[in-house]
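Me: I would like to learn how to read charged side chains and helix faces in a protein model. Could we go through them one at a time?

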Amino acid sequence: MTAKQSVQISVIIPVYQDPVGLGCTVNTLLNQNFPCNNYEIIIVDSGSTDDTKKNAQEFQASFADMVKFENEDEIQSSYAARNKGIKIAKGKIICFIDS
């Protein structure tokens with residue numbers, strides 16, 4: 001699959017105050033046995049004040065082709081984070097996983 005072809009799966013991770021869980025979740029997704037160019041990972045933080053946001057930004061910097069990071073600043077809830085992720089998702093299939 002080339003970069004111009006569409007992403008098949010968008011995995012949205014809503015997160016709040018869970019840097020360790022986020023790290024485990026993203027690392028698991030990155031290390032799965034599925035072609036990495038067929039899916040994207042979208043992390044949406046709901047206003048964390050710990051290292052969660054920093055960890056998400058590091059994943060985005062290290063895996064820029066696969067990992068996107070967004071903030072949900074208006075409404076602090078997992079529902080709002082999921083909805084924000086849906087708005088930027090490019091996959092034909094959208095799925096959610098909590099950190």
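Me: Is Arg82 buried or exposed?

Reply: This is a predicted model, and in it Arg82 is buried, with a relative accessible area of 19%, which falls just within the cut-off of under 20%. The side chain of Arg82 meets that of Asp98 in a salt bridge, at 2.9 Å from N to O. Asp98 lies in the segment after β4 and Arg82 in helix α3, so the pair ties together parts that are 16 residues apart in sequence.

Me: How many salt bridges are found in the whole structure?

Reply: The search finds three. One of them joins Lys68 and Glu40 at 2.3 Å, N to O, and this pair links distant parts of the chain, with Lys68 in strand β3 and Glu40 in strand β2. Glu40 is buried, with a relative accessible area of 1%, whereas Lys68 is partly exposed at 23%.

Me: Which residues of helix α2 are buried, and where do they lie around the axis?

Reply: As a general idea, an α-helix has 3.6 residues a turn, so residues three or four places apart point the same way. In helix α2 the buried residues are Thr52, Asn55, Ala56 and Phe59; they cover an arc of only 100° around the axis, which puts them on the same side of α2. These buried residues pack against β1, α1, β2 and β3.

Me: What does the side chain of Asp45 reach?

Reply: Asp45, in strand β2, is buried yet has no salt bridge, since the nearest side chain of opposite charge, Lys53, is 4.4 Å away, and the cut-off is 4 Å. The side chain of Asp45 does reach the backbone nitrogen of Gly47, at 2.9 Å.

Key:
Residues are numbered from 1 along each chain as its sequence is written. This is a predicted model: local features need pLDDT of at least 70, side-chain atom pairs count only at pLDDT 80 or more; totals for chains, interfaces and linings use all residues. Side-chain values use heavy atoms; hydrogens and water are left out. Buried means under 20% relative accessible area, exposed over 50%, partly exposed in between (1.4 Å probe, protein chains only). Helices (H or I, at least four residues) and strands (E, at least two) are DSSP runs, numbered from the N terminus. The arc is that of the directions from the helix axis to the C-beta atoms. Contact means heavy atoms within 4.5 Å. Lys and Arg count as positive and Asp and Glu as negative; His and the chain ends are not counted. A polar contact is a pair of N or O atoms within 3.5 Å; within protein, one must be able to donate a hydrogen and the other to accept it, and residues adjacent in sequence count only if both atoms are side-chain atoms.
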